[in-house]
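Reader: Could you take me through this one, charged pairs to begin with and then the rest?

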Amino acid sequence: MSESEQPEPDAPADSEEAVENAQLFGVWEIGEIEYADPSTQRYINVTPIAHTMGRHASKQFKKSEISIVERLVNRLMQSEDNTGHKQKTLKIVKDAFEIVNERSEENPIQVLVTAVENAAPREETVRLKYGGISVPQAVDVAPQRRVDQALKFLADGTASASYKSTTSAAEALAQQLLGAADYDVQTYAINQKEERERVAEAAR
């Protein structure tokens, strides 16, 4: 290959810039997301792609490389009504993002990232056996698990608020995201995080 045929060295940078300028759902910017918690930052990935067709499923820990939005969608799909309905769940998340933006006038992706950081428990308990007696012991939570638990709390709170209720799933999710982002202890996700840490503190 001649020198004239070799690719330009700045081509990868252009592609990275194109990804940063891309928009989630064609609306929301992903280029200026701020992280307040450095311990979970590498596990909260923001991309413009909300559906990777399960490409991460074949490799262990690959889930941390997909978008935090898709991880939220996958967690919401674990409820009885949404199991296997990814397009339906994507629409729920998209509608919830619009509600969040309307009420807070902020980028809903930023609200999601802040909510996950706030709802991620720092401590939890395990049970150790000493001579047949189970004793609770407080342990630090790994950053990967902290993000997993935060997403679980947000999804469980959404399912609880919308099940057999006039509140739609999108409305319930928006309430969870806004409440967790504001660290409202009345929000299910924050309440669960506080409870986990309270029990762990008692087991120190």
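Reader: Which residues are linked in a network of salt bridges?
Author: Arg122, Lys193 and Glu197 are the residues linked in such a network, where a salt bridge is a side-chain nitrogen of Lys or Arg within 4 Å of a carboxyl oxygen of Asp or Glu. Please keep in mind that this is a predicted model, in which local features need pLDDT of at least 70 and side-chain atom pairs count only at pLDDT 80 or more, while totals for chains, interfaces and linings use all residues. Residues are numbered from 1 along each chain as its sequence is written, and side-chain values use heavy atoms, with hydrogens and water left out.

Reader: How many salt bridges does a search of the whole structure find?
Author: Such a search of the whole structure gives eleven salt bridges. One of them joins Asp37 and Arg146, whose closest N and O atoms are 3.0 Å apart. Asp37 sits in the loop between strand E2 (28-29) and helix H2 (38-41) whereas Arg146 belongs to helix H6, so this pair ties together parts that are 109 residues apart in sequence. Helices here are DSSP runs of H or I with at least four residues and strands are runs of E with at least two, numbered from the N terminus.

Reader: Is Asp37 buried or exposed, and what about Arg146?
Author: Asp37 is buried, at a relative accessible area of 16%, and Arg146 also counts as buried, with a relative accessibility of 7%. The cut-offs are under 20% relative accessible area for buried and over 50% for exposed, with partly exposed in between (1.4 Å probe, protein chains only).

Reader: Which residue forms a salt bridge with Glu171?
Author: Arg103 does, and the closest N and O atoms of the two are 2.7 Å apart. Since Glu171 lies in helix H7 and Arg103 in helix H4, the pair ties together parts that are 68 residues apart in sequence. Glu171 is buried, its relative accessible area being 18%, while Arg103 is partly exposed at 48%.

Reader: Where is Glu124 found, and which side chain does it meet in a salt bridge?
Author: Glu124 is found in strand E3 (residues 123-130), and its side chain meets that of Arg196 in a salt bridge with an N to O distance of 3.6 Å. Because Arg196 lies in helix H8 and Glu124 in strand E3, this pair ties together parts that are 72 residues apart in sequence. Glu124 is buried, with a relative accessible area of 11%, and Arg196 counts as partly exposed at 27% relative accessibility.

Reader: With what else is Glu124 in contact?
Author: The Glu124 side chain makes a polar contact of 2.7 Å with the side chain of Arg145; a polar contact is a pair of N or O atoms within 3.5 Å, where within protein one must be able to donate a hydrogen and the other to accept it, and residues adjacent in sequence count only if both atoms are side-chain atoms. Leaving aside neighbours within four places in sequence, Glu124 is in contact (heavy atoms within 4.5 Å) with several residues, including Gln137, Ala138, Val139, Val141 and Ala200.

Reader: Changing topic, which residues touch the most other members of the largest nonpolar core?
Author: They are Ile68, Phe97, Leu112, Val116 and Leu177, in a core of 43 residues. A nonpolar core is a set of buried Ala, Val, Leu, Ile, Met, Phe, Trp, Tyr and Cys residues joined through side-chain atoms within 4.5 Å. The elements that give two or more residues to this core are helices H3 (68-76), H4 (86-104), H5 (108-119), H6 (143-162), H7 (169-181) and H8 (188-202).

Reader: What about the backbone, say phi of Lys164?
Author: Phi of Lys164 is near 50°, a positive value in a residue other than glycine. Lys164 is in the loop between H6 and H7, and it counts as exposed at 75% relative accessibility. Tyr183, which is not a glycine, has a positive phi of about 55°; Tyr183 is placed in the loop between H7 and H8 and is partly exposed, with a relative accessible area of 30%.

Reader: Last one: how many helices and strands does the chain have?
Author: The chain has eight helices and four strands, and along the sequence they follow the pattern α-β-β-α-α-α-α-β-β-α-α-α. Of its 204 residues, 40% count as buried.
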